[in-house]
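User: Hi! Could you walk me through this structure?

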Amino acid sequence: PPVPPFLREMARAASVAAAALLAATLAGCSADGKGPSPGPAPKPPGPTAKPYTCESEFKIEGVVMPGHKGLALDDDTFRGCPGKIPVEWPHTSEPVASLRMFKAWEADWPEEARQPAWDAIAQFTQRSGAKVLMGTQITCNETADDADWALVLRLLKQLGPNSVMGVAIGNEMELLYTKANITKQCITNIWAGGYFWRKTVERVQDLEKLGDGFGNVTLTSVFGGAVLGGGPFVETPQAMALSYLRNATKEYGSRWAYSINVYPYYDPGNHWDNHSHTCNAAITRGLDFSPEGDMPSTLVLFRQKLQELTGNTNDTMWLTETGWSSPRADTLAGANLQMAQCANFSTEKVLQRYYDGVLNWNMTLGEIQGPDHIFYFTIRDSNNFGVGEHFGLIHTCDNATCKMQQDYLPNTTTTTTTTTAAAGGN
């Protein structure tokens, strides 16, 4: 039987935590324990870069409901080439309608590159009309959290309310206790001590003080599949998500969006086909966008649990991350060793089929209302605590071509390029 989504998310979290410990051992952690210290600072983006083109040998025909789909902004793109954010979905001619940003800037990134990067983001939204889901951190360090939030407020002010679709306070907080260097005292303070909820209220109050319409911006906190491991949501001393969501529902009502990350790629319930080391059944379920498929069935469960929480069948629901890695993510072995050893699980062919499936999914879940918005992770391949992940649609900032060049689907044509707005960035 399929593994419950909350166990799937726990496996992914364990894999990432192991990667973090390995990177900390080999490379040394930064002062806040969030990951390895960065390498040399990149050259700050220039003000008049040529428009970037992601060149492709084929074109995916059609994007269903493009106004309800967006891209997640990886750290490598944000820090290294913020002027190379695709205006159009790679391999299509359809504009990108939204961008999920996880942060305004990382504390240990070069300060001199921050404003040029923000200018590039602002120009991207102005020229494309895309809106930003802006994230802010919640950690064990209140000073660092407040400094992060101060930068978020500055960036939000620069973007303006018409370019902001929402603000996400915290990311996968139900998994914080699994991370490296997180103490029991911290987790107690986050949940039972009320720190997470107190900071949520403070952040909303600050938004209202900004004026200019920010007092009405949609609010959310992003959770992973582990949040589903309770009735209706997880409620343990390590993760009091149910209490938090009850507070958010009561305090903010319809202004609150309920957000979740879902990755069929990391499902620990995937296994080899009978009597072989192939994994065709796992791939088939991962690429199934019917309500019975891996990712949609998780959203069905999420919607059902939301109804139990709020009594509503149509609360705003966002799928804030989904994607597929090719080549294999180094973190996959910790989540599912069989899939890490399966030769065809992380191929470019499967990546293309999943990406095409997301683009052409009509976002329905049978008789249950589907998500209101989804974000594909991510633009470029990046490192997670120094460990390679390859969910990007483009390899690196230096690549002129999209990652996928061979066409594996019968309904695509050749050729196309994906352009970016001419923004401040290299």
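User: What does the accessible surface of the protein come to?
Analyst: About 16,700 Å², with 51% of it belonging to carbon and sulfur atoms; that is by the Shrake-Rupley method with a 1.4 Å probe. This is a predicted model, where local features need pLDDT of at least 70, side-chain atom pairs count only at pLDDT 80 or more, and totals for chains, interfaces and linings use all residues. Residues are numbered from 1 along each chain as its sequence is written, and side-chain values use heavy atoms, leaving out hydrogens and water.

User: And how much of the protein is buried?
Analyst: Buried residues (under 20% relative accessible area, 1.4 Å probe, protein chains only) are 54% of the 426 residues.

User: Which residues touch the most other members in the largest nonpolar core?
Analyst: L99 and F345, in a core of 111 residues. A nonpolar core here is a set of buried Ala, Val, Leu, Ile, Met, Phe, Trp, Tyr and Cys residues joined through side-chain atoms within 4.5 Å. Helix 4, residues 142-159, gives the most to this core, with seven residues; helices are DSSP runs of H or I, at least four residues, numbered from the N terminus.

User: Switching to helix packing: how do helix 4 and helix 6 cross?
Analyst: Their axes, lines fitted to C-alpha atoms over the stretch in contact, come within 11 Å and cross at roughly 25°. That makes helix 4 roughly parallel to helix 6, a label for angles under 35 degrees.

User: Which residues in helix 4 meet helix 6?
Analyst: Among them are W149, L153 and L156. On the helix 6 side, the residues include Y195, R203 and L207; contact means heavy atoms within 4.5 Å.

Conventions
Buried < 20%, exposed > 50% of the residue type's maximum accessible area, 1.4 Å probe, protein only. Helix = DSSP H or I, 4+ residues; strand = E, 2+ residues; numbered from the N terminus. Axes fitted to C-alpha atoms, helices over the stretch in contact; angles between N-to-C directions. Parallel < 35°, antiparallel > 145°, perpendicular 65-115°, else oblique.
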